[in-house]
Amino acid sequence: MDSLTAATSSQHQALLRRYGASGGPAVGPWNEVMASLLDHRSVRGYKPDPVPPGTLESLVAAAQSAATSSNMQWTSVIAVSDPAKKKVLAEIAGNQKHIEQCPLYLCWVADMTRNALISAEQKVEFETMPWLETFLVACIDVAMAAQNAVVAAESLGLGTVYIGAMRNDPERVARLLGLPKQSFVVFGLFVGYAAE
Ligand SMILES: Cc1cc2nc3c(=O)[nH]c(=O)nc-3n(C[C@H](O)[C@H](O)[C@H](O)COP(=O)(O)O)c2cc1C
């Protein structure tokens, strides 16, 4: 099979996996990024194997490269490794046991604190800070940063799943992680190698 035929066949297989027998839309340009995006699925069972050294830093670099509204960079991320904390977070998430099992658990924070501190330090009133729109923008930024991390993780052969259930009890999550006022965990994210 020549390389062009192999690429067309892998595209065809990816479209069949995504859309079933119809094969979905007649997509045109194709590459490895497209293949990885169409192969996304959430992973809820993990091997105990740790992620390779530097993986957290790679995912953070990908996240920090996402677009951010008005360049305000509202996102912070906390990697939770303490088993006792993971146990409580699993309980808050309705006993989603995979939180305890997965090697890397990331809590994505809409961080209104950092910009509030900067404006206080600069003695500049941050007029839009109390607006609901500002909070919404922060949550959008967080989602975009986290999705960049997901795409990066999947491109590295890792599985992920978002955990929106952190919002079952956001105040308990904030207390557990020692978040300052005006910061809020929008969702968690598992990262690890998918079990068979
Ligand atoms: C913001 C957000 C929160 C989610 N929260 C959870 C969750 O708490 N637990 C879970 O098992 N899956 C969660 N998911 C994963 C979705 O259930 C999953 O993406 C959806 O069913 C589609 O499946 P797929 O990701 O395999 O395509 C969440 C997804 C998103 C985007």
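The structure is a predicted model, in which local features need pLDDT of at least 70 and side-chain atom pairs count only at pLDDT 80 or more, while totals for chains, interfaces and linings use all residues. Residues are numbered from 1 along each chain as its sequence is written.

The C-alpha trace of the protein spans about 65 × 40 × 30 Å along its principal axes. The secondary structure comes to eight helices and four strands, where helices (H or I, at least four residues) and strands (E, at least two) are DSSP runs numbered from the N terminus. From the N terminus on, these elements follow the order α-α-α-β-α-α-β-α-α-β-α-β. The domain assignment, whose bounds come from an automatic or database source, gives domain 1 (3–38) and domain 2 (55–192), and the C-alpha centres of domain 1 and domain 2 lie 32 Å apart.

The four strands of the open sheet have the order β1-β2-β4-β3, with antiparallel pairing; two strands pair if DSSP finds at least two bridges between them. Because β1 (75–80) and β3 stand at the edges, each with a single partner strand, one side of each is left without a neighbour in the sheet. Neighbouring strands of this sheet are turned by 25° against each other on average, direction ignored, with axes taken as lines fitted to C-alpha atoms, for helices over the stretch in contact, and angles running from 0 to 180 degrees between N-to-C directions. Strand β2 (residues 104–111) and strand β4 (residues 183–192) pair in the antiparallel sense over eight bridges, and Leu106 has Leu189 as its bridge partner in β4.

Two helices pack on this sheet. Helix α6 (residues 112–121) touches β2 and β4, and its direction makes about 45° with that of β2, whereas helix α8 (residues 170–177) touches β1, β2 and β4, its direction making about 75° with that of β4. Contact here requires that the C-beta atoms of two residues, placed from the backbone, lie within 7 Å.

Around the ligand stand His40, Arg41, Ser42, Arg44, Ala93, Gln96, Val161, Tyr162, Ile163, Gly164, Ala165 and Phe187, a residue being near if its C-beta atom, placed from the backbone, lies within 6 Å. Strand β3 (residues 159–163) gives the most to this shell, with three residues.
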